[in-house]
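Here's a quick look at how two chains sit against each other. Have the structure open while you read.

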Number of protein chains: 2
Amino acid sequence: MVLKYQEIANSLADKVNNHEYTDKLPSEGELMTEYGASRNTIRNSLDILYNQGLIKRIQGSGYFVNTALHGEDYVMNLANKVGMNSLGVKYPITSQVLKLESIEADEKLAEILECEVGAPVYYIQRLRHSNNKLYALEKTYYLKEFIPYLSKEICEKSIFKFIIENYHISIKNADEYVTIYNLSDEEAKITDRESGSPTIRIEELNYLKNERPFNYSRTCYFQDDLTIYYHVNNYLN
Amino acid sequence: MVLKYQEIANSLADKVNNHEYTDKLPSEGELMTEYGASRNTIRNSLDILYNQGLIKRIQGSGYFVNTALHGEDYVMNLANKVGMNSLGVKYPITSQVLKLESIEADEKLAEILECEVGAPVYYIQRLRHSNNKLYALEKTYYLKEFIPYLSKEICEKSIFKFIIENYHISIKNADEYVTIYNLSDEEAKITDRESGSPTIRIEELNYLKNERPFNYSRTCYFQDDLTIYYHVNNYLN
DNA sequence: ATACATTTGTGCGTATGTATG
DNA sequence: GCATACATACGCACAAATGTA
């Protein structure tokens, strides 16, 4: 089913990311006629962009492109991974699949993925490159209950893209955990780095719309100057 | 001016953080009668908690307390700093003021704070402790245009609390930048750590409701196992 | 398996307040 | 003072998912 506010949000996000809007966005009223939607729906769409830190809003003035992300080279927006991944990336990302295994969830993984111990899971280990430079080591788990089939060819490209297109799954939300992580001997060897050297690690737990987790990943990023950006709204007092 | 949805959001957040709700929240309908508000207003309030990762929502079922943050000791929610700071902290935070200076913005700071070069600014350096343990070194700048007065006594407590209560300023949103930062010689000396040792550093730029930045800070956190949590909604496809 | 009530999700409308220019 | 634009708050209707009888 096509959701109006999602469609509009996608369209607006595209225009922001493709620099069709460089400073000011059309007013809510203009967007209402442009997209044939009510004010609530338009604001719903704009809320998504706002929460992701793509735009700023000023009462009485209008909506503006957020430039916090522009200019810096190694800034990654935690809210949509734009910057290093999909849209904002300058060079395409290639993935070297180190492992693609069918395993069963142990107790720890079962708790994380909220599944039975022994539930079938894909375990994938990938090295990710951009512009011929290693930038991340990713270990990821997919519940076969939701993702029944994966192949090496799929894992060399974008797994999420495959999932969304083929299984018509939509990711509703995610929990992200950021820490400093010191590489293990094995990880250091794989990535040609020093053992114990500190990296930024992002753990990610992705949920379907019924709040069921279907994917868990741990990714270490190797840019020394990598900056993770995140936009916060509505402080509570 | 008191905003209904903000009041309700504060009330609900309190109840979640004080474990008045342990699993399921009342339904939207129940909250409507409890707070005497329309469904839109209630949903507005719940949206805030949802975006901050305090609650989960399941269509047809209800709203639930997000347990992603519970259980772990050193998890800090980037969206509201609960965990290490205000509500969720087990021990009160004390601040040792190392510096409290009146300076003028140089070119770099002026660009960050969107002010004139030479604009008067407070520069504060603090060591922050919890449970008699050093946990952060903070360097922060406040534009005097908005925060005309600060004292050592105020800085030893919560600056934000003072600002909100006395200047009736409300923080609308913030940009956060997370990196690995290696301590300088001076910083290492102050904090009794090894020079060059890696820490998690959060840069924060806080905005007033007209999108004017009024505060910029850089804080290094010293828990080796500190984890930064962040909740992401509404992936765009 | 079905039907039904409950609960959240989407979308529309309207009115009024507040900030900007 | 005025027009414009975003902010808050109310209302309604129907869709979709869930839980239960």
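Across the interface of chain B and chain A, the rule turns up 4 salt bridges, each being a side-chain nitrogen of Lys or Arg within 4 Å of a carboxyl oxygen of Asp or Glu. One salt bridge joins the side chains of Lys56(A) and Glu211(B), at 3.3 Å from N to O.

Keep in mind that this is a predicted model: local features need pLDDT of at least 70, side-chain atom pairs count only at pLDDT 80 or more, and totals for chains, interfaces and linings use all residues. Residues are numbered from 1 along each chain as its sequence is written, chains are lettered from A in the order in which they are written, and side-chain values use heavy atoms, with hydrogens and water left out.

## How much is buried

Contact here means heavy atoms within 4.5 Å, and by that rule 49 residues of chain B touch 49 residues of chain A. The two chains bury about 4,700 Å² between them, 53% of it on carbon and sulfur atoms; that's the accessible area (1.4 Å probe) lost on being put together, summed over both. Tyr230(B), Tyr235(B) and Leu236(B) supply 17% of the area that chain B buries against chain A, more than any other three residues.

## Strands across the interface

Strand E7 (residues 173-182) of chain A pairs with E10(B) in the antiparallel sense, over 6 bridges. Strands are DSSP runs of at least two residues, numbered from the N terminus, and two of them pair if DSSP finds at least two bridges between them. Within E10(B), Val232(B) is the bridge partner of Ala174(A).

Technical notes. Helix = DSSP H or I, 4+ residues; strand = E, 2+ residues; numbered from the N terminus.
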